[in-house]
Amino acid sequence: MQRDEILKLLEQVGAIRTGHFELSSGRHSATYIQCALVLQHPQHAEQLGRALAERFKDHTVACVVSPALGGLIIGHEVARALGVRSLFVERDRSGQMALRRGFELKPGERVLVIEDVWTTGGSTREAIGVVEQEGGLAVAAGAIIDRSGGRLELNVTARALLEMDVPSYEPDDCPQCHAGGTASRPGSRFSRSQP
Ligand code: ZN
């Protein structure tokens, strides 16, 4: 899948919306991304998983680890395309990311960490930390969309299907507010996790 094809698909299903939005961080942006809206279609999830897996064919990995919840479906599809296991990390009661449910990594097991969207890459960084803590070796990380604007800092090879530099502003600096507009809050209807 080429960049344009992916962008068109995401727009078609309403996963990328343009307008005037208040993100849950309180910042305003003209773009809102909700990957669940494309991943709800299994055929699209499979297609994106295959495309993302293709970006890592030069890496040999034994399993995929994804941060829950956003990374679950795409992680599963990437693992399917690579023919490897799909595990996930999730927050425990203390709020720490952990490998639970009896999931285990073999010592030195080579892991690809997969997420849906990177804004700061924080969840991916945490997942890499858990992999290392559990004795695995995180060799690479992938996402459908990188909206970090090149500010992503991961200590492994990082590749996304789509790089989007999406500006966001403090309300006082928001050009659309200055033009008299009012931001809507998709976060309250869609997801609390969108930064
Ligand atoms: Zn605004």
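Mentor: Contact here means heavy atoms within 4.5 Å of each other. This is a predicted model, and in it the buried residues of α3 pack against α1, α2, α4, β6, β7 and β8 (157-163).

Trainee: Which residues of α3 are buried?

Mentor: They are His44, Ala45, Leu48, Gly49, Ala51, Leu52 and Ala53.

Trainee: What makes the zinc ligands donors?

Mentor: A donor is an N, O or S atom within 2.8 Å of the metal. His20 (NE2), His28 (ND1), Cys174 (SG) and Cys177 (SG) lie 2.1 to 2.4 Å from the zinc ion, so they qualify as its protein donors.

Trainee: Why is the arrangement around the zinc ion called tetrahedral?

Mentor: Four donors count as tetrahedral if all angles lie between 85 and 135 degrees. The 4 donor atoms subtend angles of 95 to 120°, and therefore the arrangement is tetrahedral. The ideal angle for four tetrahedral donors is 109.5 degrees.

Trainee: How are the donor residues spaced in sequence?

Mentor: The spacing is H-x7-H-x145-C-x2-C. Distant parts of the chain are linked by the pair His28, in strand β2 (residues 28-33), and Cys177, in helix α6 (residues 175-178), which are 149 residues apart.

Trainee: Why are the buried residues of α5 said to be on the same side?

Mentor: The residues in question are Thr124, Ala127, Ile128, Val130 and Val131. They cover an arc of only 160° around the axis, so they sit on the same side of α5. Among the elements covering them are β3 (63-67), β4 (85-91) and β7 (137-146).

Trainee: What follows α5 and α4?

Mentor: Gly135 follows α5, with a positive phi near 95°.

Trainee: What sets the phi of Arg101 apart?

Mentor: Its phi is near 60°, a positive value in a residue other than glycine. Arg101 is in the loop between β5 and β6. Its relative accessibility is 61%, which is over 50%, so Arg101 counts as exposed.

Trainee: How do you know that the peptide bond from Ala68 to Leu69 is cis?

Mentor: The label goes with its omega, which is near -5°. Leu69 belongs to the loop between β3 and α4.

Methods
Residues are numbered from 1 along each chain as its sequence is written. This is a predicted model: local features need pLDDT of at least 70, side-chain atom pairs count only at pLDDT 80 or more; totals for chains, interfaces and linings use all residues. Side-chain values use heavy atoms; hydrogens and water are left out. Donors are N, O and S atoms within 2.8 Å of the metal (3.2 Å for Na, K and Ca); water is not among the atoms, so sites may look incomplete. Four donors count as tetrahedral if all angles lie between 85 and 135 degrees; four count as square planar and six as octahedral if opposite donors are over 155 degrees apart and all others between 65 and 115; anything else is irregular. Helices (H or I, at least four residues) and strands (E, at least two) are DSSP runs, numbered from the N terminus. Buried means under 20% relative accessible area, exposed over 50%, partly exposed in between (1.4 Å probe, protein chains only). The arc is that of the directions from the helix axis to the C-beta atoms.
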